[in-house]
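Hi everyone, thanks for coming.

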Amino acid sequence: RDDDDINDVASMAGVNLNEESARILATNSDLVGTQIQSCKDEPFLAAVPLHKRILETAKKLGITDVPAEVVTFISHATQNRLRTVIEKVTVITQHRMESYKDDEWYEQATDVRSQLKFFEQLERLEKQRKDEQEREILLKAAKSRSRQEDPEQARLKQKAKEMQQQELAQMRQRDANLTALAAIGPRKKRKLDAPGLLTIGGEGVGVCGGSQAGLGTASPRQYPRQKITRVNLRDFIFYMEQEREMSRSLLLYRALLK
């Protein structure tokens with residue numbers, strides 16, 4: 001008996017197991033044998049069409065009965081798979097949209113946009129120079145008074161006359177626009193564009209803070225703009241190329257052909 005008391009750790013600690021068991025059963029007697037669930041188990045996909053599709057596939061394999069638990073499990077698996085795909089593609093898109101211009105550890109080597117602008121400016125100057133040369137040729141042809149009836153000379157004179165008429169029409173249009181702007185006067189800024197106003201139904205409503213409401217001064221209210229991540233087909237193609245089970249799939253080849 002002394003050996004049993006020595007080996008009984010609960011009795012050495014002064015804990016009565018019978019009293020503790022009775023106390024636990026008295027406290028949580030309404031919870032014993034019940035199942036607690038935090039939220040309702042709602043399937044991600046429609047149960048009826050999914051069950052019908054699973055049965056069609058199962059009949060080919062000799063299975064005639066598919067319980068509802070299997071349909072719910074497949075629905076949750078589809079939801080989890082779709083969430084994983086969206087998360088990975090979102091990370092790929094964010095990496096693609098990330099800019100390194102302001103990073104001190106990166107140095108810009110080439111700027112294709114500036115190069116294209118430079119070439120466009122060169123083309124514009126070259127076109128302007130050719131137009132000036134053509135204009136001088138036409139003006140010389142218009143001023144010439146040769147007695148010989150040359151059809152090429154007559155064509156140049158007609159073209160010079162049309163060019164002068166077009167330039168005169170453009171000058172008149174420019175003068176008319178300047179006269180109209182002078183008659184309208186300088187444009188005034190709209191009061192609704194002030195930083196302390198909100199537009200509700202076409203009317204300006206002032207936004208005043210709690211401590212500044214008595215002073216009548218409007219404080220600007222900043223609304224955070226939600227950043228939108230736009231995923232394109234190239235991001236999905238990159239994702240499928242990295243996945244082992246999709247890198248050689250027919251879906252990837254179809255996406256590459258688009």
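Val112, Leu116, Phe118, Phe119, Leu122 and Leu125 form a nonpolar surface patch of about 600 Å². For such a patch, residues need over 30% relative accessible area and no salt bridge, and nonpolar side chains (Val, Leu, Ile, Met, Phe, Trp, Tyr) are joined within 5 Å. A salt bridge here is a side-chain nitrogen of Lys or Arg within 4 Å of a carboxyl oxygen of Asp or Glu. Areas are Shrake-Rupley values with a 1.4 Å probe, and for residues only the protein chains shown count as cover.

Please keep in mind that this is a predicted model, where local features need pLDDT of at least 70, side-chain atom pairs count only at pLDDT 80 or more, and totals for chains, interfaces and linings use all residues. Residues are numbered from 1 along each chain as its sequence is written, and side-chain values use heavy atoms, leaving out hydrogens and water.

Helices are DSSP runs of H or I with at least four residues, strands are E runs of at least two, and numbering starts at the N terminus. Phe118 counts as partly exposed because its relative accessibility is 48%, between the buried limit, under 20%, and the exposed limit, over 50%.

Now the whole chain: it has 9 helices and 2 strands, in the order α-α-α-α-α-α-α-β-β-α-α. Of its 258 residues, 10% count as buried. The chain exposes about 23,800 Å², with 54% supplied by carbon and sulfur atoms. Thanks, everyone!

Notes. Patch = residues over 30% accessible without salt bridge, like charges linked within 9 Å, V, L, I, M, F, W, Y side chains within 5 Å. Buried < 20%, exposed > 50% of the residue type's maximum accessible area, 1.4 Å probe, protein only.
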